[in-house]
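User: I would like to learn how to read a helix and a chain contact from coordinates. Can we work through one case?

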Amino acid sequence: MAIKPEVKKEIAAICEEHSDEPSPLMLILEEIQKKFGYIPLEVQELISTETGVPVSEIYGVVTFYNFFSLDPKGKYVIGVCLGTACYVKGSQPIIEKFENILGIMPGQTTKDGLFTIEAIRCMGACALAPAVAVNGKVYPQMTVDRVSSVIDEYKKMEANA
Amino acid sequence: MDKITGKITSPEALQKDIDDCSSEFDSKVKGLGGKRAIMICGGTGCLANNSEEILEEFEKQIKEKGLTDKVSVNHVGCFGFCSQGPFIKIFPEDTLYHKVKVADVSHIIDDDIIGGKVCEDLLYVDPVTHEKVVRQDDINFYKKQMRISLHGCSLINPDFLEESLGYDGFKSLKKVLTAMKPQEVINEVTASGIRGRGGAGFPTGKKWQFAYNQVADQKYIVCNGDEGDPGAFMDRSILEGNPFEVIEGMMIAGYAFGASQGYFYVRAEYPVAVARLNRAIADMRAVGLLGDHILGTDFSFDVHMREGAGAFVCGEETALLNSIEGKRGMPRPRPPFPAIKGLWGKPTCVNNVETLAQIPYIIRVGAAEYAKVGTMGSKGTKVFALGGKINNVGLVEVPMGTTLRTLIFDIGGGIPNGKKFKAIQTGGPSGGCLTDEDLDTPIDYDTLIARGSMMGSGGAIVMDEDNCMVDVAHFYMDFICGESCGKCTPCRVGTKRLLEMLTSITEGRGTEQTLVDMKSLASTIKGGALCALGQTAANPILSTLTKFPDEYKAHVIDKKCPSHVCKRLMSFWIDPALCKKCSKCARNCPVQCISGVPGKTVYVIDQTKCIKCGTCLAGCPFHAISKI
């Protein structure tokens, strides 16, 4: 996969922006992840050229942290909280319902690129347990019954777009 | 409130700003000048329940109705009583409205703000006495609390330095910079008896003293806000509700042991906390409260922000330091301890958010006063995040030594739906379960360990009779197994094997020998793992094995899950006596395993095809379906 020249420029700019920091790798990776949604190998090679950090080290860091992804995520990332407070209130059947309807497992993306399911480890919204967040929008006190309506909400949004 | 624009370059200038902001804040909450103040919760929980839209609606209607001189609208940090949110408080009367919706705004404005009448329908109703409660302090949830870490949360607007200055902010910084030597600050903190709130409970003063004793050209103070324990959210709420308090604590620490650079390490899952901290740091830099020669003294200090990237092990201090250094977040062997050789090889203290939040209070009131609260070995207050099967989910700050009974039944309001209390898990994935027999133990660092659990960061998840303790142990082991960094073999391989054994038990393949093997492997991991994550990994298993041996036996001997949670050991059943032959269950079943004729025959589940999703049970209008 070839990287577009403008993206190359943008990545170089991100690396440059943090060059005064003593160990900028995490800052660079976080910014790229937030901006582009994933950090493929080609981009890691580019970061290596820009910063001088060996690509093996960058790959090691990218694969260590849950926040970084090697593959693009869906347009809508459905995070189902599996933190303890949500789990004891029944978030496991909720994530299974999402899996059943969308036909994917946590960490996977639907073929149309619309949905990714993620099992989140506590977003600190324990009073809203069981909680689900779609692209950061929190759905409090989720139930198995409401799962399909949440998916429909976004499908409808796509159809109207 | 008027914005402070000029630089604050001397203690006198700071004092003047403190005086001005205090009198302005005072007049706001006392309603001087005839202007009332509406406070709206802007914590993560209430934001998810539309508190932002409520705030905008208030602003809109107040403008439309020409009330801008009569009332102000402010967003504030977490009220703590998250299950009853969104909250709105009106000063000076101190009226508290709960579960407010956007549609209630005109009602509050017309009846209360204009009409001067309390909106009775929005008051909190005591679940026991059924009486309506007007003021926050009269609600049972708040009565036994004491707020030190949560000082100012739910009262000040966390986006404004002026609000912090108006409510005790930076008084302690001024005190240490003008009237105390660094060693005196450390002595004061040591005398207060405060222990690290992150979980291990190491005396904070001692940690600072180690770093103070080191001679180095650069030292660092790091604030650990990587609150990874699932179910704990006190650090998030403190950072969201009063970020200035934590920065002030960090600066006092920096002054005490000679650090000129501070680092915040906060979870990326907490975007609101990160944004408010960043804003607070920028505002403090703008007025010179961060930077060179603070208040004209020789003390220079700056703060940097680092976001975590989703690795539980980074809550371990040496792993956290590696992460800041841009490496894989794997723990380092200790010694050398960070206070000797930490960030980039320099002396570093890593303190938890809650610890740093208590420092300004200790300096303000003095060590002796602080030490009056708590138990022999654990001083001050601790914030707990009450969650799970409990009526009043939320953040609770209580003096050390409070009993679990007070926490769960008085403050927490007991268990919902008339269910029976089974256990409370403290200390997260490193902790253990406490049961009925522990309810009257005063809780502090030492008693919790003696009872087979630990304080941890303060997560407290309540479980009722419907929770299977083997499943809970399995949940924690699955978590730990996924979060093990892989550096040392006992943790990397050992947790995986433990998880396999637990899975075999929950699936009915376990034997009594499995229990023996688990115990033996658990003690091997405990002795051999490199860091606290591995050393404590087996705690949830050991504690549930000790406290609930019968549940394990039911799984391995009878092949039954008494709480009907473990899917392979339970099934759904339609009671022919209750079935009304309506066919709803058959229509809802995703795998078409329920058969019958509508109106003619009762419905029956084909157990060989059932995937145990529970859709039929949830949907049955006649409660004819149960778990057996």
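**Reading a helix and a contact**

Analyst: This is a predicted model. In chain B, the cover over the buried residues of α1(B) includes β1 (36-41), β3 (88-91), α6 (161-165) and α7 (171-179).

User: Which residues of α1(B) are buried?

Analyst: An α-helix has 3.6 residues a turn, so residues three or four places apart point the same way. Here the buried residues are B:L14, B:D17, B:I18, B:C21, B:F25 and B:K28. They lie on the same side of α1(B), because their arc around the axis is only 105°. B:K16, B:D19, B:S23, B:D26 and B:K30, on the other side of α1(B), are exposed.

User: What span should helix α1 of chain B have?

Analyst: At 1.5 Å a residue, its 20 residues (11-30) should span 28 Å, and the end C-alpha atoms are 28 Å apart, which agrees. Just after α1(B), B:G31 has a positive phi of about 70°.

User: How is the size of an interface expressed, and how many residues does each chain give to the contact?

Analyst: Interface size is often given as the accessible area lost when the parts come together. Counted by residues, the contact takes 35 from chain A and 43 from chain B. On the side of chain A that touches chain B, α5(A) gives the largest share, 4 residues. By class, that side has 23 nonpolar, 7 polar and 5 charged residues.

User: What does chain B contain in helices and strands?

Analyst: Chain B has 25 helices and 19 strands. Its radius of gyration is 27 Å, close to the 25 Å of the globule rule for 628 residues, so chain B is as compact as a globular protein of that length.

Note on methods: Residues are numbered from 1 along each chain as its sequence is written. Chains are lettered from A and ligands numbered from 1 in the order in which they are written. This is a predicted model: local features need pLDDT of at least 70, side-chain atom pairs count only at pLDDT 80 or more; totals for chains, interfaces and linings use all residues. Two residues are in contact if their C-beta atoms, placed from the backbone, lie within 7 Å. Helices (H or I, at least four residues) and strands (E, at least two) are DSSP runs, numbered from the N terminus. Ala, Val, Leu, Ile, Met, Phe, Trp, Tyr, Cys and Pro count as nonpolar, Asp, Glu, Lys and Arg as charged, and the others, Gly among them, as polar. The radius of gyration is taken over C-alpha atoms; the globule rule is 2.2 Å times the number of residues to the power 0.38. The expected span of a helix is 1.5 Å times one less than its number of residues. A residue is buried if 20 or more other C-beta atoms lie within 10 Å of its own, exposed if 12 or fewer, and partly exposed in between; C-beta atoms are placed from the backbone. The arc is that of the directions from the helix axis to the C-beta atoms.
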